[in-house]
Amino acid sequence: MKKIQIINGPNLNLLGRREPSVYGNISFEGYLDELRAKYPQCEISCFQSNVEGELINKIHETGFAYTGIILNAGAYTHTSVALHDAIKAVEAPVIEVHISNVHAREAFRHISLISAACKGVILGFGLDSYRLAVEAILASENNSLRIDNLEH
Ligand code: DQA
């Protein structure tokens with residue numbers, strides 16, 4: 001059983017209610033049910049916190065035991081050196097995801113302090129960004145075109 005940890009950062013507990021024109025009107029819980037049903041071969045865990053240190057603790061806790069981590073760090077993406085360091089410290093590949101296309105938004109969202117520490121970045125596809133990240137983790141496990149083989 002492949003173990004995948006989704007980690008959602010600040011304000012993502014309000015998905016479905018928060019700025020629906022940017023983030024959609026579906027709650028993450030509802031989406032997660034669909035995602036789990038689509039990937040019965042994976043155990044998909046989900047953690048959300050508005051507290052930076054709790055996100056770091058979860059990366060430490062799962063980063064040596066899980067197949068991969070899908071991280072939407074929310075606004076901490078643009079500010080957190082500590083998250084960058086936590087991602088670098090663990091073994092599991094971390095995929096950075098964003099629901100919105102941050103590059104089509106305010107300039108302060110164009111900088112990510114975590115991208116360079118992540119295996120790759122998926123953004124702008126709405127909640128489907130998470131499914132694409134699951135696909136990326138599974139592809140890196142199964143295919144000859146392993147993303148693990150790419151040097152960053
Ligand atoms: C976000 C983009 C961030 O800039 C923002 O602070 C969020 C959500 C996204 O998923 O599009 O909270 O990470």
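1. By class, the ligand shell holds 4 nonpolar, 5 polar and 2 charged residues. Here Ala, Val, Leu, Ile, Met, Phe, Trp, Tyr, Cys and Pro count as nonpolar, Asp, Glu, Lys and Arg as charged, and the others, Gly among them, as polar. This is a predicted model, in which local features need pLDDT of at least 70 and side-chain atom pairs pLDDT 80 or more, while totals for chains, interfaces and linings use all residues. Residues are numbered from 1 along each chain as its sequence is written, and side-chain values use heavy atoms, with hydrogens and water left out.

2. The shell members are Arg18, Tyr23, Asn72, Gly74, Ala75, His78, His98, Ile99, Ser100, Val102 and Arg109.

3. The side chain of arginine 18 places an N or O atom 3.0 Å from a ligand oxygen. For asparagine 72, the distance from a side-chain N or O atom to a ligand oxygen is 2.8 Å. Histidine 98 has a polar side-chain atom 2.8 Å from an oxygen of the ligand. Taken alone, the ligand exposes 320 Å², and the protein buries 99% of that. Areas come from the Shrake-Rupley method with a 1.4 Å probe; for residues, only the protein chains shown count as cover.

4. The largest pocket has a volume of about 160 Å³. It has 12 lining residues, and the closest to its centre are Ala92, Pro93, Ala117, Cys118 and Lys119. The lining divides into 8 nonpolar, 1 polar and 3 charged residues. A pocket is an open set of points on a 1 Å grid over the protein atoms alone, where a 1.4 Å probe fits, with protein on both sides within 12 Å along at least five of seven lines; lining residues have an atom within 4 Å of a point. Points are joined across faces, edges and corners, and the volume is the space filled by probe spheres set on them.

5. Most residues other than glycine have a negative phi. Asparagine 11 is partly exposed at 36% relative accessible area, and glutamate 19 is partly exposed at 43%. Buried means under 20% relative accessible area, exposed over 50%, and partly exposed in between (1.4 Å probe, protein chains only).

6. Serine 129 belongs to helix α5 (residues 128-142). Helices (H or I, at least four residues) and strands (E, at least two) are DSSP runs, numbered from the N terminus. Serine 129 is buried, at 0% relative accessible area. A polar atom of its side chain lies 3.2 Å from the backbone nitrogen of phenylalanine 125.

7. Glutamate 34 is in helix α2 (residues 28-38) and is exposed, at 56%. Glutamate 34 and arginine 131 are 97 residues apart in sequence and 9.9 Å apart in space, C-alpha to C-alpha.

8. Tyrosine 66 occupies the loop between α3 (52-62) and β3 (68-72). Tyrosine 66 is buried, with a relative accessible area of 17%.

Methods. A residue is near a molecule or strand if one of its heavy atoms lies within 4 Å of it. A polar contact is a pair of N or O atoms within 3.5 Å; within protein, one must be able to donate a hydrogen and the other to accept it, and residues adjacent in sequence count only if both atoms are side-chain atoms.
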